[in-house]
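Hello,

Here is the structure you are taking over. My notes on the ligand and the pockets follow it.

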Amino acid sequence: MKPIPTAFITGASSGFGLACAERFAAGGWNLILLARRTEKLKSIKAELEKNFKIQVSFLTVDVRQQTCIDAISKFLKACKCTPDLLVNNAGLAVGMELIQHGVLDDWERMIDTNIKGVLYVSKAVMPFMVAAGKGHIVNIGSIAGKEAYPGGNVYSATKFAVDGLTKSMRIDLLPHGIRVTQIAPGAADTEFSMVRFKGDFEKARSVYKGFKPLSGADVAEAIWFAANLPAHVNVNDMLLMPTAQAGAVHFQRD
Ligand code: NDP
Ligand code: 8X3
């Protein structure tokens, strides 16, 4: 019998990460979920284990902390588990001020989560994949990592970093049979805008006004597609946009 594959998903308590957990659970994969909100992870684990015959473990970890490397490493050693897939998804935008009005704490949060978080989690998981001589890392980029837009500045810079890092990881991991993919979505209706606008509901809703944005499930389907291609095939980069969005600032709104 074929062994059951395991997906390690960061930012699994909402949005793309949660949708990805649901998609892979439905596909029969075991899951290791990571985020900071324990209660959310607990109820997701209970729900998915009830609905699908799979095993779900979770780690309550802040990917900004260097200590997360050790925590993840210890966890994987203890469960004798090498993830077949790592989805580096945890991330956020905070604020949309013009660069000259930028808030230092917002900058730190974005740089620490979106760049250092990807590095720290990958640092913990890669040795297991290298030892196994296989694996797949999917980094979640963004249209903001392809094009700049007004007020996108530091968020955009972090996603350009993910774009560059993905390319570089693919080269470094080439001798080890590890696939490295970037999925770069356009506007998607998740908790993203509520986080970006610090709980301002009206501002957050206005982002998606008059057009149909991507859903978490749309992005999860793209990750599922990339992960389930034959082992000799890799999606290097996928820019996944709502049909009503042609670029970072080009929308067709009703
Ligand atoms: P959500 O806000 O819905 O989800 C973000 C997830 O990241 C949550 O599960 C959150 O969990 C987790 N997270 C945030 N900070 C940390 C941290 N320090 N440590 C661990 N987990 C963390 O947003 P999305 O699903 O939309 O975002 C997912 C990714 O997709 C991000 O990288 C984002 O930049 C990117 N993206 C989003 C787009 C969009 O329009 N929505 C478009 C393109 C890319 P918790 O709070 O429990 O820690
Ligand atoms: C999120 C998409 O365009 O709001 O990465 O930056 S955007």
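A polar side-chain atom of T190 lies 2.6 Å from an oxygen atom of ligand 1. Oxygen atoms of ligand 1 also lie 2.6 Å from a side-chain N or O atom of R36 and 2.9 Å from one of K159. Alone, ligand 1 exposes 880 Å², and the protein buries 96% of that (Shrake-Rupley areas, 1.4 Å probe).

This is a predicted model: local features need pLDDT of at least 70, side-chain atom pairs count only at pLDDT 80 or more, and totals for chains, interfaces and linings use all residues. Residues are numbered from 1 along each chain as written, chains are lettered from A and ligands numbered from 1 in written order, and side-chain values use heavy atoms, without hydrogens and water.

Ligand 1 is surrounded by 30 residues (a heavy atom within 4 Å), and S13, S14, R36, Y155 and T190 are the closest. By class, they are 13 nonpolar, 11 polar and six charged.

Ligand 1 sits in the largest pocket (more than half of its atoms within 2 Å of the grid points). A pocket here is an open set of points on a 1 Å grid over the protein atoms alone, where a 1.4 Å probe fits, with protein on both sides within 12 Å along at least five of seven lines; lining residues have an atom within 4 Å of a point.

The volume of the largest pocket is about 1,100 Å³. Its lining has 47 residues, with G91, L92, Y155, T190 and F192 closest to the centre.

The second largest pocket holds about 530 Å³ and is lined by 19 residues.

Regards

Conventions. Polar contact = N/O pair within 3.5 Å; in protein donor to acceptor, adjacent residues only side chain to side chain. Nonpolar A, V, L, I, M, F, W, Y, C, P; charged D, E, K, R; others polar. Points joined across faces, edges and corners; volume = space filled by probe spheres on them.
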